[in-house]
Amino acid sequence: MNSFKVLDLKENNRFTDDLFLDKTFLLLSRGGALPLDTIKALKDWQFTTVYSNGNFSVSDLEWISSWTDKNF
């Protein structure tokens, strides 16, 4: 599983697979836009890292390309 620093997260970031707080707690489904409120809450709760089997996608175009590759 890949790890991502909470400090590197930006509003509306997307991931190519589900995003987790730990091995079982789902934060965001694959392809969903990460809300700013979620990032703020993670910082307030002092979480430093989140996890995904996918990769960080910096744009909608990258996510669409990744989703298309997996599903067609």
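Student: Why does F15 count as buried?

Tutor: Buried means under 20% relative accessible area, exposed means over 50%, and partly exposed lies in between (1.4 Å probe, protein chains only). F15 has 1% relative accessibility, so it counts as buried. Please note that this is a predicted model, in which local features need pLDDT of at least 70 and side-chain atom pairs count only at pLDDT 80 or more, while totals for chains, interfaces and linings use all residues. Residues are numbered from 1 along each chain as its sequence is written, and side-chain values use heavy atoms, with hydrogens and water left out.

Student: How many helices and strands does the protein have?

Tutor: Helices (H or I, at least four residues) and strands (E, at least two) are DSSP runs, numbered from the N terminus. The protein has two helices and six strands, and from the N terminus the elements run β-β-β-β-α-β-β-α. Of the 72 residues in the protein, 31% are buried.

Student: Which strands form the open sheet, and in what order?

Tutor: Strands of a sheet pair through backbone hydrogen bonds, either parallel or antiparallel. Two strands are taken to pair if DSSP finds at least two bridges between them. Here an open sheet of four strands has the order 1-5-3-4, and its pairing is antiparallel. Strand 1 and strand 4 (26–28) stand at the edges with a single partner strand each, so one side of each is left without a neighbour in the sheet. Strand 1 is joined to strand 5 (residues 49–52) by four bridges; K5, for example, has T49 in strand 5 as its bridge partner.

Student: How many aromatic pairs does the structure hold, and how is such a pair read?

Tutor: Rings of Phe, Tyr and Trp (its six-membered ring) pair if their centres lie within 6.5 Å; planes under 30 degrees apart count as stacked, over 60 as edge-to-face and the rest as tilted. The structure holds two aromatic pairs. In one of them, the ring centres of F4 and F15 are 5.0 Å apart and the planes stand at 70°, so the pair is edge-to-face. This pair links distant parts of the chain, with F4 in strand 1 (residues 2–5) and F15 in strand 2 (residues 14–15), eleven residues apart. F4 is buried, as is F15.

Student: Which residue forms an aromatic pair with F15 at 5.7 Å centre to centre?

Tutor: That residue is F56, and the pair is edge-to-face, with 70° between the planes. F15 lies in strand 2 and F56 in strand 6 (residues 56–57), so the pair ties together parts that are 41 residues apart in sequence. F56 has a relative accessible area of 30% and is partly exposed.

Student: Which residues make up the largest nonpolar core?

Tutor: In soluble globular proteins, nonpolar side chains tend to be buried together. A nonpolar core is a set of buried Ala, Val, Leu, Ile, Met, Phe, Trp, Tyr and Cys residues joined through side-chain atoms within 4.5 Å. The largest one has eleven residues: F4, V6, L9, F15, L19, L21, L28, L34, I39, L42 and V50.

Student: Where do the buried residues of helix 1 lie when seen down its axis?

Tutor: In helix 1 (residues 36–44), the buried residues are I39, A41 and L42. Seen down the axis, they fall within an arc of 160° (taken from the directions from the helix axis to the C-beta atoms), so they line one face of the helix. These buried residues pack against strand 4 and strand 5. The face turned away from the buried side carries the exposed residues D37 and D44.

Student: Is N13 buried or exposed, and where does it lie?

Tutor: N13 lies in the loop between strand 1 and strand 2. It is buried, with a relative accessible area of 6%. Contact means heavy atoms within 4.5 Å. Leaving aside neighbours within four places in sequence, N13 is in contact with D8, L28, G32, A33, L34, F56 and S57.
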